[in-house]
Amino acid sequence: MTITPRAIGRPMSRIDGPDKVRGLARYAFEHPVEAPLYLYPVQSTIATGRITAIDTVAACAEPGVVAVLTHDNAPRLDRVESGEHVILQSDRVAFRGQFIGAVLAQTPETARYAAGLVRFTYDAGQPDLDLRVDRDDFTVPAQVLPQFPMNTTQGDVDTALATAAVTLDATYTTPMVHHNPMEPHSTVAHWTDNRLTLYVSSQGVYRVKQVVMALFALEADQVRVISRHVGGGFGSKVLPRADVVLAVMAARMLPGRPVKFALTRQQMFAQVGYRSPTIQRVRLGADGAGRLVAIEHGSVEQTSRVVEFAEHATRMTQSVYAAPHRRSSQRLAALDVPTPSIMRAPGETPGMWALESAMDEMAIACGLDPIEFRILNEPSVHPTTGLPFSSRNLVECLREGARRFGWEGRDPTPGSRREAGWLVGTGVAASTYGVLSFPGSVARIRLGSDARYAVEIAAADIGTGAWTALTQIAADALGVGVDRIDLAIGDTVLPMATGAGGSTGITCWGSTIVAAADQFRRTLADQYGGQVPPDGLEVEAAMPVNPHVGKFAMDSFGAQFAEVRVHPETGEVRVTRLLGVFAVGKVINAKTGRSQLVGGMTMGLSMALHEHSVLDHRFGHVVNQDLAQYHVASNADVGSVEAYWVDEHDPYVNPMGSKGMGEIGIVGTAAAVGNAVFHATGVRVRDLPLTLDKLLGRL
């Protein structure tokens, strides 16, 4: 009897890797269509107000221009779920950079030139662009998920803080930071025979289909969305944006002519979302032994006037550390700005910058090692709900990380270590991210006469390795080798799948594939006596309900360590080493999983050192809206990045025992770097990024 080796856990190379290396993997804009038209948008140059006049004469007269769209001639939208999609429907301007027109031409160069010839006259208002804690118009955002209330209170926080032996009251800020995936948002839209085909760079083709159906009053069989390869998303492509709506509008006006539309890097700064700036106040109280008696964490953020989005920066504070008295709060200010949106580990990323910086400060105030202080305040059950954890190995991550990093023997005195003229410091931070899942996915498995299994589900691979990991899951679920699996994803002709986001992809799609494999075996045994019929066998199954949800708190955990060097004369910060250890359940693919953790930590490094979108408060636009001025981390910014994980068995999260690896790598990294900067210099920086101007004059 031949035993098929298990595929899950192996460091398998990407199935789609060879095609990507050879340039054969087609991204949205690259799909060939016959005689395409190219779209270039016209964007508002005011932040609020109304359009009073439009002059399209010069643009329409330009050779090669086929059409000019404005709110005067654009198709009317039907059922609008998000105000972000309401473009070219009225003379109203809600933010700087809003789409207010578009030019369609036979070449992209002509479209871009002609777009510059369209003239708009405005009645401009005075924009409100300032996020300040002294505003009197804050609102509490709507709760998105039932397990994450926006405001929470337990016990008597004020009394506990007033009587605590050691207290901390500090404010931490994070700036506006923007999405910059390598592949810009792109769409090819083609109307033929009253049917619409869309090639879109998307994290979820069915979500795009549902939105387009609603906006343009279409039936399900009229819309097909294809997105087989995506060059990065990080949350910006979870929801269809205004660029998709604009491309569909243009294609509907000119049926039979495909329309190609790719955002420029500059346009992305107004169109695809960003992480809201935050102002966070953390108050901690501890007894004489260093045990926390009270935690308070409040955050204020911004949203747009067209649709509400909250960066829920306090939700993880409800679960990380034990304290009998606790309070968290979220407040939003609606401003004349584009809408913020999902960005890798939304909420946890800025929230843990504040909380883990505060925990470092508090450990020092209590005279305790930062790792031991965290372990001392480890909860036995979820501090807010009282539920047991399905698995919780934060302490093991801290211990193993300390061993690998060489934490033992560290002199805690700030500024005590110098090497070759640089101040050297080390820092640590914990990280966490919830195990989420969303219902709705369906998988189809078909065994043909060639003894190969076709596994079909409209999942998305945004560059993270889903093609490969899902093939591994399918192979193990069916008890065959990966070479007998033909996986199809990224197309709405395939069974429904939820989008890639919140580290839910493998949880939802993998669980669904496992359910379909179980159904396949039952059908084969019950209806065919275990013998495959001559014409093959096909089954479908939906994602099963997890019976353990609501009985356990389900979270991933990790610990990040950083070593930094700070030049005492220039304030320059260099990160010589990053190391992370994580508890993320069963790792499906050791190779792509490690890549996810390293990528997340690199993004956290970029957040710590560089990223800051500078808003011009006179006009409402981001002035550093390209990669020449909006700096992101490169190889030169870090000496080494190491990612490890502990063995963790969790039978409650899903059939594979996996927890997701896409978000958690970024969560604690910036705080680890900031804590290391303090250890190196004795200067506490509470405002990201950690640029030299915040250190010069204080060293």
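A: We begin with the naming of elements: helices (H or I, at least four residues) and strands (E, at least two) are DSSP runs, numbered from the N terminus. Phe234, for example, lies in the loop between strand S12 (223-226) and helix H6 (242-253). The model is predicted, with local features needing pLDDT of at least 70 and side-chain atom pairs pLDDT 80 or more, while totals for chains, interfaces and linings use all residues. Residues are numbered from 1 along each chain as its sequence is written, and side-chain values use heavy atoms, with hydrogens and water left out.

Q: What is the phi of Phe234 near, and is Phe234 buried or exposed, or partly exposed?

A: Phi is near 60°, a positive value in a residue other than glycine. For accessibility, buried means under 20% relative accessible area, exposed over 50%, and partly exposed in between (1.4 Å probe, protein chains only). Phe234 has 31% relative accessibility and so counts as partly exposed. Ala345 also has a positive phi, near 55°. Ala345 sits in the loop between S17 and H8 and is buried, because its relative accessibility is 0%.

Q: Which residues does Thr339 contact, leaving aside its neighbours within four places in sequence?

A: Contact means heavy atoms within 4.5 Å. On that basis Thr339 touches Glu84, Gly273, Tyr274, Ser304, Val306, Val307 and Phe309. Thr339 is in the loop between strand S17 (325-335) and helix H8 (348-365), and at 6% relative accessibility it counts as buried. A polar contact is a pair of N or O atoms within 3.5 Å; within protein, one must be able to donate a hydrogen and the other to accept it, and residues adjacent in sequence count only if both atoms are side-chain atoms. The side chains of Thr339 and Ser304 make one of 2.6 Å.

Q: How many salt bridges are there?

A: Side chains of opposite charge can pair when their charged atoms come close. The rule asks for a side-chain nitrogen of Lys or Arg within 4 Å of a carboxyl oxygen of Asp or Glu, and the count comes to 46. In the pair of Lys20 and Asp16, the closest N and O atoms are 3.0 Å apart. Lys20 is partly exposed at 26% relative accessibility, whereas Asp16 is buried at 5%. Glu648 and Lys659 form another, with closest N and O atoms 3.1 Å apart. Both of these residues lie in the loop between strand S26 (641-645) and helix H14 (664-667), so the pair ties together parts that are 11 residues apart in sequence. Glu648 and Lys659 are both buried.

Q: Which residues are linked in a network of salt bridges?

A: Asp128, Arg135, Asp137, Arg305 and Asp336 are linked in this way.

Q: What volume does the second largest pocket have, and which residues lie nearest its centre?

A: Rolling a probe the size of a water molecule over the atoms shows where empty space is left. On a 1 Å grid over the protein atoms alone, a pocket is an open set of points where a 1.4 Å probe fits, with protein on both sides within 12 Å along at least five of seven lines; lining residues have an atom within 4 Å of a point. Grid points are joined across faces, edges and corners, and a volume is the space filled by probe spheres set on the points. Here the volume is about 930 Å³. The lining has 41 residues, with Gln147, Val435, Val549, Gly550 and Met554 nearest the centre.
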